[in-house]
Amino acid sequence: MAQHTSHSNGAGGNHGHSEESHGHGSLKSYVIGFVLSIILTIIPLVVIMNDMLQGKAALVVLLGTAILQFLVQLLFFMHLNEENKPRYNLMTLLMGILIAGTIVAGSIWIMTYNAVAT
């Protein structure tokens, strides 16, 4: 009986360890994320430095690669897609984006209407 209880505790311990290691990325995912990050950094740099695009097209490339870079960081390095329920990290991220967006939008609104009033 004592051996049977000890065996089930050992299996439970291994189960907990496998869940803990699931939260960390593999070397392959880190390398893929790193390569994607480098590519997404080089693309706008080359486009802007070589005057390949100008005006709104350059802005679209810059913002598009910035958004993709943000998603690569979240998925490959912060492991946002690997978390268990409830998704506290996702809720915290969304709240941070909402607060930052409110601050930026409010600042732009204040600066726009302050310049008109004076």
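Student: Which helix does F76 lie in?

Tutor: Quick ground rules: this is a predicted model, where local features need pLDDT of at least 70, side-chain atom pairs count only at pLDDT 80 or more, and totals for chains, interfaces and linings use all residues. Residues are numbered from 1 along each chain as its sequence is written, and side-chain values use heavy atoms, leaving out hydrogens and water. Helices are DSSP runs of H or I with at least four residues, strands are E runs of at least two, and the numbering starts at the N terminus. On that basis, F76 sits in helix α3.

Student: How many helices does the protein have?

Tutor: Reading from the N terminus, the elements go α-α-α-α. There are zero strands, and the helix count comes to four.

Student: How far apart in space are V31 and F76, C-alpha to C-alpha?

Tutor: V31 is in helix α2, and it counts as partly exposed because its relative accessible area is 43%. Along the sequence, V31 and F76 are 45 residues apart, but C-alpha to C-alpha the distance in space is 9.0 Å.

Student: How far apart are the end C-alpha atoms of α2?

Tutor: Helix α2 covers residues 27-49. The expected span of a helix is 1.5 Å times one less than its number of residues. The 23 residues of α2 should therefore span 33 Å, and that agrees with its end C-alpha atoms, which are apart by 33 Å.

Student: And how far does α3 reach from its first C-alpha to its last?

Tutor: α3 runs over 56-77 and has 22 residues. Its expected length is 32 Å, and the model comes close to that, at 31 Å.

Student: Which helix is included in what covers the buried residues of α2?

Tutor: The buried residues of α2 are S29, G33, S37, L40, P44 and V47. Their cover includes helix α3.

Student: Which side chain is joined to Q69 by a polar contact of 3.1 Å?

Tutor: Q69 is in helix α3 and counts as buried because its relative accessible area is 17%. Setting aside neighbours within four places in sequence, Q69 is in contact with S37, L40 and T41. A polar contact is a pair of N or O atoms within 3.5 Å; within protein, one must be able to donate a hydrogen and the other to accept it, and residues adjacent in sequence count only if both atoms are side-chain atoms. For Q69, the partner at 3.1 Å is the side chain of S37.

Student: Leaving aside neighbours within four places in sequence, which residues is I43 in contact with?

Tutor: I43 belongs to helix α2 and is partly exposed because its relative accessibility is 35%. T65 is 22 residues away from I43 in sequence, with 7.7 Å from C-alpha to C-alpha. T65 is also one of the buried residues of α3. Beyond the sequence neighbours, the contacts of I43 are V61 and T65.

Student: What is the phi of D51?

Tutor: D51 lies in the loop between α2 and α3, and it is exposed because its relative accessibility is 52%. D51 isn't a glycine, yet its phi is positive, at about 50°.

Conventions: Buried < 20%, exposed > 50% of the residue type's maximum accessible area, 1.4 Å probe, protein only. Contact = heavy atoms within 4.5 Å.
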